[in-house]
Amino acid sequence: MDYLKAQSVTTLQGTINISGAKNASLPLIAMTILAKNRVTISNLPQVADIKTLLKLLTNMGAEVSFLEHSVEVDTKPLHETKATYDIVKTMRASILVLGPILARFGHCEVSLPGGCAIGQRPIDLHLKALEQMGATIEIKAGYIEARAAKGLQGANIIFDKITVTGTANIVMAAALAHGETTITNAAREPEVVQLCEVLSESGVEIDGIGTAVLVIQGNGGKLLNIPDFSVIPDRIEAGTYLCAGAITKSEITLKNVEPKHLDAVLAKLEEMGATFSITQDSITIHPLQNLKPVKIITQEYPAFPTDMQAQFVALATQAEGVSIIEERLFENRFMHVSELQRMGANITLNGHTATVTGKTELSGTDVMATDLRASSALVLAALVANGETNIHRIYHLDRGYDSLEKKLEGVGAKIERLQE
Ligand code: UD1
């Protein structure tokens, strides 16, 4: 198993290229199930989750050819409609094949994803919406068995909660359904917006893109002609490197980034004392004097993302004063706190709220990554901790960050990947 050994640094400097967004790529890859043509997706990040989903499609019969940072997917030969446990257990987002497979073949089996480190993460809203679209759903021996022999029908879906992959699943199902589907309380994340835009370029009429009400005219079961496209930049990767700049009080420029997707993150960094120079596709964070404490509540886009919460907890350990960080989306997303405490952080947890009192001297030690974003929080802490930090179980990190240690090394961090 790999681990990262990181030394503290006085300062970082340079440019980091932001990769394509993992969370945009996953639904976009699943969307190719709806295509009658071969689709080339470029600006694809090289991360484990993408490989897992492509492996699932290959297992189902699709032809997948990798090029550097892009992939060609041909789902014409896809014939298998079962997503088995061995793949789904490694990546919950495998559930994204449910909507498109069901819409195309009229039946689909997906293993139930099971537990997750950051919380229960049920998929009841996906299933309820598909039932409203005429599917029969049964749970048998750990599998979701969905059937819609006559195809899915347009429906009026009102999500009880905003769900990102739930919205993506139903948008894909609705694209091939018969008639009109309205999704109310839809997720507005940029990753959902790109999915809708590509479907719209493929001839599916979608009104309300980027709003909480999507109206989709189904293609009546006919496969789509999907154009080649490039994945949007990863706003969470970008946010993480901005935190690396802030915590080390360095000047770092991010290239190939979409600044408007980072409004909430930039606003919180500004509250903490950061300043930026921003162009259409780059952000430079300037060296900070002192980090100020911050109050954060995680919410759905366009508010502050839960996927940046762990990194800001790490950052808050270096701010002068008391920061209050409330997690509203996932019930167990504070696993990084105990590892940061082992490094010397002063954090108290009360239910969904972390109170971080800084500034604390952090000490390098052995720490354990517990989920994807928790892992990057530990890397941020390691950049400023005295001595050496060994971050174990970085397979979590590899799920979603493309070449993290190489990108950080490129701006002067002392970080290397070693084998246990
Ligand atoms: C996606 C992102 C993940 C991010 C999360 C929230 C991907 C691949 N993953 O996850 O990185 O942290 O959005 O921004 O894009 N819920 C239900 N029932 C459901 C579905 C969701 O109760 O059927 C609840 C969840 O438990 C959670 C909330 O709704 O409390 C939001 O979850 P959701 O938006 O679905 O997260 P994911 O799509 O799994």
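These legends describe close-up views of a predicted model.

**View 1. Helix α10 packs against helix α11.**
Helix α10 covers residues 309-316, and helix α11 covers residues 335-342. Their axes lie 10 Å apart and meet at an angle of about 25°. Angles under 35 degrees count as roughly parallel, so α10 is roughly parallel to α11. The crossing of α10 past α11 is right-handed. From α10, the contact uses Gln309, Ala310, Val313 and Ala314. From α11, it uses His336, Val337 and Leu340. Sorted by class, this contact holds 5 nonpolar and 2 polar residues. It has no charged residues.

**View 2. Helix α11 also packs against helix α12.**
Helix α12 spans residues 372-384. The axes of α11 and α12 are 9 Å apart, at an angle of about 20°. The two helices are therefore roughly parallel to each other. Their crossing is right-handed. On the α11 side, look for His336, Glu339 and Leu340. These residues meet Ala374, Ala377, Leu378 and Ala381 of α12. By class, the contact of α11 with α12 has 5 nonpolar residues, 1 polar and 1 charged. His336 and Leu340 also take part in the contact of α11 with α10.

**View 3. Helix α8 packs against helix α12.**
Helix α8 runs over residues 235-247. Its axis lies 9 Å from that of α12, and the packing angle is about 20°. So α8 and α12 are roughly parallel to each other. Here too the view shows a crossing: α8 passes α12 in a right-handed way. Ile236, Thr240, Cys243, Ala244 and Ile247 make the contact from α8. Arg373, Ser376, Leu380, Leu383 and Val384 make it from α12. The contact of α8 with α12 includes 7 nonpolar residues. The rest by class are 2 polar and 1 charged.

**View 4. Residues surround the ligand.**
For Arg121, an N or O atom of the side chain is 2.9 Å from a ligand oxygen atom. For Arg333, a polar side-chain atom lies 3.4 Å from an oxygen atom of the ligand.

**View 5. A cis peptide bond joins Tyr301 and Pro302.**
Omega is about 10° at this bond. Pro302 sits in the loop between β18 and α10. Strand β18 covers residues 295-297.

**View 6. The peptide bond from Gly358 to Lys359 is cis.**
Omega is near 5° here. Lys359 belongs to the loop between β21 and β22. Strand β21 covers residues 353-358, and strand β22 covers residues 366-368.

**View 7. Asn43 has a positive phi.**
Phi of Asn43 is about 55°, although this residue is not a glycine. Asn43 lies in the loop between β3 and α2. Strand β3 covers residues 39-42. Helix α2 covers residues 48-59.

Notes:
Residues numbered from 1 in each chain as written. Predicted model: local features only at pLDDT ≥ 70, side-chain atom pairs only at ≥ 80, totals over all residues. Heavy atoms only, no water. Axes fitted to C-alpha atoms, helices over the stretch in contact; angles between N-to-C directions. Helix = DSSP H or I, 4+ residues; strand = E, 2+ residues; numbered from the N terminus. Parallel < 35°, antiparallel > 145°, perpendicular 65-115°, else oblique. Left-handed = near helix turned anticlockwise from the far one by under 90°. Contact = heavy atoms within 4.5 Å. Nonpolar A, V, L, I, M, F, W, Y, C, P; charged D, E, K, R; others polar. Near = heavy atom within 4 Å. Polar contact = N/O pair within 3.5 Å; in protein donor to acceptor, adjacent residues only side chain to side chain.
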